[in-house]
Amino acid sequence: YTYPPGDPPDAGRQLIPCVTGVFTPEPIVPAVMLVVDRSGSMNFDFAGNAGPPFGNPLTGPRRWTVLRASLENTLSRFDDRVAFGMVQFPGDGQCGVSSSIEVLPSVGNADELMAHLDGVPEGGTPTFGAITTAATQLASVRGQALVLITDGDPNCNAALDAATCDCTQPRLGNPPRCNDEETCRDAARVTEGLRGLRVDRGVVTYVVGVGASSPAVVRALNDMARAGGVPRLGGTNAFYSGATETELAEALDAISTRLSRCTWATGTRLGPNDLVVVTVGGEVVPARVADGWDWADAASGDLVLRGAWCTRAAAGEEVRVSLECRGPNCLPLPAQRGEGRGEG
């Protein structure tokens, strides 16, 4: 289960010692932070037109309009199954990012989330600061994941050199250079940041590209999606494509379905020598690997499925857990644990 920040560990839960047997775990409500890009380019249409008076006429709806509608639909459908929180970037219409979260992860807060998505997008794309803020908040809850929704290159890194860096805007002057340091492409730092969150803190990141089309943006989003640890399987790109209104809605729906069906609670306090085997659709899932299962919280027996196994569980294949208890404090099968616990 997911706890709001500040709640005591295992609040409302009663864990029992390990019981040898086979049983069906319970799905967990995952804590998910939406990291939403509201930079100026989110006001473009999906073809990249800014509209009058700053650019070519619009050929369709603005990205921001479509994103709000897609999020409203997804949030309403998963409001009781996923604890969504949110941080938007930039937070000041330029390159700033707030150190606090706009909406903390909780079920039933779809209306509050939508209320924070008003206003007109503007400013740069300080992606690194946003993912850092979001992941820091998730450190106090279980079932951790970020969903990064962005339409362009990260920038806003004042430490880069405008004369030598790649630019997210056309070069100016003679010799050509970026307009300033904050328009330098910051994709490498974001990619390493996402990899570090996954490896060091167990926070995975789903990446959704809204209207991404240029080779540089597509390459950056693919790198970020792979570093985040949960790339899209079976598609051309590793990130979830939101290149059209339909694709964006499908991407948000697919991610939410995976999140709500890929984290499971055993309800068991396990010891270091207890043997755990997880199966999906009757097949044994590899343990502690990227395309397999791992602990979301080993102390509480919460596990998460990754890769194709997550996809299969989300499609409805049965998830089962087999325990062989080897510790000195294991209990005999308690009758109240339900049918199936203790088989095998």
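How many disulfides does the structure hold? The model is a predicted one, and the structure holds 5 disulfides.

## Disulfides

Counting the bonded cysteines along the chain, the disulfides follow the pattern 1-10, 2-3, 4-7, 5-6, 8-9. One of them joins Cys18 to Cys325, with an S to S distance of 1.9 Å, and this link is left-handed, with -80 degrees about the S-S bond. Cys18 lies in the loop between strand S1 (16-17) and strand S2 (21-23), whereas Cys325 lies in the segment after S16, so the pair ties together parts that are 307 residues apart in sequence. Cys18 counts as buried because its relative accessibility is 2%, and Cys325 is buried as well, with a relative accessible area of 15%.

Another disulfide joins Cys95 to Cys156, with 2.0 Å from S to S, and with -70 degrees about the S-S bond the link of Cys95 and Cys156 is left-handed. Since Cys95 is placed in the loop between S5 and S6 and Cys156 in the loop between S7 and H4, this pair ties together parts that are 61 residues apart in sequence. Cys156 is buried, with a relative accessible area of 12%. The sulfur atoms of Cys262 and Cys310 are 1.8 Å apart in a further disulfide, for which the value of 90 degrees about the S-S bond makes the link right-handed. This pair links distant parts of the chain, 48 residues apart, with Cys262 in the loop between H6 and strand S10 (263-265) and Cys310 in helix H7; both Cys262 and Cys310 are buried.

## The open sheet

Six strands, in the order S6-S5-S4-S7-S8-S9, form an open sheet of 6 strands with mixed pairing. At its edges stand strand S6 (103-106) and strand S9 (240-242), each with a single partner strand, so one side of each is left without a neighbour in the sheet. From one strand to the next, the twist averages 20 degrees.

Within this sheet, strand S7 (residues 144-150) and strand S8 (residues 204-210) run parallel and are joined by 6 bridges, and Val147 stands opposite Tyr206 in S8. Helix H6 (residues 245-261) packs on the sheet, where it touches strand S4 (31-37), strand S5 (83-89), S7, S8 and S9, and its direction makes about 145 degrees with that of S9.

## The buried side of helix H7

Which residues of helix H7 are buried? In helix H7 (residues 307-314) the buried residues are Gly307, Trp309, Cys310 and Ala313. They cover an arc of only 155 degrees around the axis, and therefore they lie on the same side of H7.

The buried residues of H7 pack against H6, as well as against strand S12 (275-280), strand S13 (283-284), strand S15 (302-305) and strand S16 (319-324). Following H7 is Gly316, whose phi is positive, near 110 degrees.

## Salt bridges

The structure holds 11 salt bridges. Among them is the pair of Arg63 and Asp151, whose side chains meet at 2.5 Å, N to O. Arg63 lies in helix H1 (residues 63-78) and Asp151 in the loop between S7 and helix H4 (187-201), so this pair ties together parts that are 88 residues apart in sequence. Both Arg63 and Asp151 are buried. Another salt bridge is formed by Asp253 with Arg77, the closest N and O atoms being 2.0 Å apart; because Asp253 lies in helix H6 and Arg77 in helix H1, the pair ties together parts that are 176 residues apart in sequence. Asp253 counts as partly exposed at 24% relative accessibility, and Arg77 is partly exposed too, with a relative accessible area of 39%.

Glu192 forms a salt bridge with Arg195, with the closest N and O atoms 2.4 Å apart. Being 3 residues apart in helix H4, Glu192 and Arg195 are separated by about one helical turn. Glu192 is partly exposed, with a relative accessible area of 48%, and Arg195 is partly exposed, with a relative accessible area of 31%.

Terms used: Residues numbered from 1 in each chain as written. Predicted model: local features only at pLDDT ≥ 70, side-chain atom pairs only at ≥ 80, totals over all residues. Heavy atoms only, no water. Pairing = 2+ DSSP bridges. Helix = DSSP H or I, 4+ residues; strand = E, 2+ residues; numbered from the N terminus. Axes fitted to C-alpha atoms, helices over the stretch in contact; angles between N-to-C directions. Contact = heavy atoms within 4.5 Å. Buried < 20%, exposed > 50% of the residue type's maximum accessible area, 1.4 Å probe, protein only. Arc of directions from axis to C-beta. Salt bridge = Lys/Arg side-chain N within 4 Å of Asp/Glu carboxyl O. Disulfide = S-S within 2.5 Å.
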